[in-house]
Amino acid sequence: MVRSLYMLLLRELKLDKIEIFAGSGMSVFECTKLLLDHGAQADVVDVNSSTSLHLAAANGDVDIAGFLLEREANINAKDKVIYMPFSV
């Protein structure tokens with residue numbers, strides 16, 4: 001989940017190196033906040049049309065899901081299987 005969320009947000013920022021976070025000691029929440037504060041969009045999708053909110057919900061990460069919603073992530077976004085974030 002961590003790698004997927006970062007990769008989604010990094011791709012949105014047009015970055016290709018996840019290593020910028022490796023060994024930083026930052027939590028997933030802190031990294032997510034940093035990326036969104038610097039222009040990443042909350043609704044970027046992966047190859048399965050899953051958003052960061054789908055990934056956070058699927059992993060039970062309530063803090064990140066709540067934060068993404070505060071940043072106007074689309075709670076009604078549908079992935080390729082037509083699941084919405086809180087139905088995964």
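Helix α2 passes helix α4 in a right-handed crossing, a crossing being right-handed if the near helix is turned clockwise from the far one by less than a right angle, and left-handed if anticlockwise. The helices are DSSP runs of H or I with at least four residues, strands are runs of E with at least two, and both are numbered from the N terminus.

This is a predicted model, in which local features need pLDDT of at least 70 and side-chain atom pairs count only at pLDDT 80 or more, whereas totals for chains, interfaces and linings use all residues. Residues are numbered from 1 along each chain as its sequence is written, and side-chain values use heavy atoms, with hydrogens and water left out.

The pLDDT, which is the predictor's confidence in each residue from 0 to 100, averages 76 over the chain, and 69% of the residues score at least 70. Among the elements of the chain, two mark the ends of the range, as tabulated here.

| Element | Residues | Mean pLDDT |
|---|---|---|
| Helix α1 (lowest) | residues 2–12 | 63 |
| Helix α4 (highest) | residues 62–70 | 91 |

The secondary structure comes to 4 helices and 0 strands, and buried residues (under 20% relative accessible area with a 1.4 Å probe, protein chains only; exposed is over 50%, partly exposed in between) make up 35% of the 88 residues in the chain.

The axes of α2 and α4, lines fitted to C-alpha atoms over the stretch in contact, with angles from 0 to 180 degrees between N-to-C directions, lie 10 Å apart at an angle of about 15 degrees. The two helices are therefore roughly parallel to each other, a class that covers angles under 35 degrees, with over 145 counting as roughly antiparallel, 65 to 115 as roughly perpendicular and the rest as oblique. Where they meet, with contact meaning heavy atoms within 4.5 Å, α2 contributes Val28, Phe29, Thr32, Lys33 and Leu36, and α4 contributes Asp63, Ile64, Phe67 and Leu68.

The structure holds 1 aromatic pair. The rings of Phe29 and Phe67 have centres 5.1 Å apart and planes at 65 degrees, so the pair is edge-to-face; rings of Phe, Tyr and Trp (its six-membered ring) pair if their centres lie within 6.5 Å, and planes under 30 degrees apart count as stacked, over 60 as edge-to-face and the rest as tilted. The pair links distant parts of the chain, 38 residues apart. Phe67 is buried at a relative accessible area of 7%, whereas Phe29 counts as partly exposed at 32%.
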